[in-house]
Amino acid sequence: MSELATIARPYAKAAFELAVEKGTVESWNDMLFFAGHVASNEQAAAALAGLPTATEQADLFIKICAEQLNEQGQNLIKVMAENGRLVALPAVAELFAELKADYDKEIDVDVISATPLAAEQQATLVAALEKRFARKVKLNCSEDTTVVGGLIIKAGDTVIDGSVRGKLARLATSLQS
């Protein structure tokens, strides 16, 4: 786990718990997504680094974000600025999005195939994966000709390698044993 993720986790969890309590998970996700992009912008980061106090940094950050932040979002920015943690905002946004996906029972699945999948193939795959993971599946399809044939499916920590390349690699390993 990266240092930024470690720093970001308590902020993301606190924001998520507040969002669930208030029923504002989607708006918090949007706020943090925007704030994370502002924090990772080189010009904004340089402007913030040039300010001597946390209060001035928080005020400038809130000014940059303008109407994108509600009162609780502004409070989060102030607390993170006071603790010198504005640099962790992109990680906070990412962790919040993961918590939201888990809360919404959604999972992003990366599918790599040798050729583009047809719409009916994607629909069949989504149905099978939703049954397996008991979650709503969002497919991210890509092509890689080195796969040769079949699919490589990545969902979180789970990897299903049904590619010809993977099968050949497993066969070569078993023949060497």
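**Briefing: fold, shape and pockets**

Of the 177 residues in this protein, 33% count as buried. The model is a predicted one. The protein has eight helices and four strands, and its largest pocket has a volume of about 420 Å³. A second largest pocket holds about 160 Å³ of space.

**Fold and overall shape**

- Read from the N terminus, the order of elements is α-α-α-α-α-α-β-α-β-β-β-α.
- The protein is more spread out than a compact globule, because its radius of gyration is 21 Å, well over the 16 Å that the globule rule gives for 177 residues.
- Along the principal axes, the C-alpha atoms fill a box of roughly 65 × 35 × 30 Å.

**Contacts and surface**

- Taking contacts between residues at least 6 apart in sequence, 66% join residues that are at least 24 apart.
- The accessible surface amounts to about 10,800 Å².
- Carbon and sulfur atoms account for 54% of that accessible surface.

**Largest pocket**

- The volume of the largest pocket is about 420 Å³.
- Two or more lining residues come from each of helix 2 (25-40), helix 6 (89-103), strand 1 (106-113) and strand 2 (136-143).
- The lining includes E26 and N29, as well as A97, E98, K100 and A101.
- Further residues lining the largest pocket are E106, I107, D108 and D110, together with K138 and N140.
- Sorted by class, this lining has seven charged, three nonpolar and two polar residues.

**Second largest pocket**

- About 160 Å³ of space lies in the second largest pocket.
- Its lining is made up of A39, A45, L48, A49, Q57, M80, A81, G84, R85, L86 and V87.
- Helix 3 (42-49) and helix 5 (71-82) are the elements that give two or more residues to this lining.
- Helix 3 supplies the largest share of the lining of the second largest pocket, with three residues.
- By class, the second largest pocket is lined by eight nonpolar, two polar and one charged residues.

**The two linings side by side**

- For the largest pocket, the class counts are seven charged and three nonpolar residues; for the second largest pocket, they are one charged and eight nonpolar.
- Each of the two linings has two polar residues.
- Strand 1 and strand 2 are among the elements that give two or more residues to the largest pocket, whereas for the second largest pocket the elements that do so are helix 3 and helix 5.

Key:
Residues numbered from 1 in each chain as written. Predicted model: local features only at pLDDT ≥ 70, side-chain atom pairs only at ≥ 80, totals over all residues. Heavy atoms only, no water. 1 Å grid on protein atoms, 1.4 Å probe; cavity = no way out; pocket = protein on both sides within 12 Å on 5 of 7 lines; lining within 4 Å. Points joined across faces, edges and corners; volume = space filled by probe spheres on them. Nonpolar A, V, L, I, M, F, W, Y, C, P; charged D, E, K, R; others polar. Rg over C-alpha atoms; globule rule 2.2 N^0.38 Å. Buried < 20%, exposed > 50% of the residue type's maximum accessible area, 1.4 Å probe, protein only. Contact = heavy atoms within 4.5 Å. Areas by Shrake-Rupley, 256 points an atom, 1.4 Å probe, with all protein chains shown as cover.
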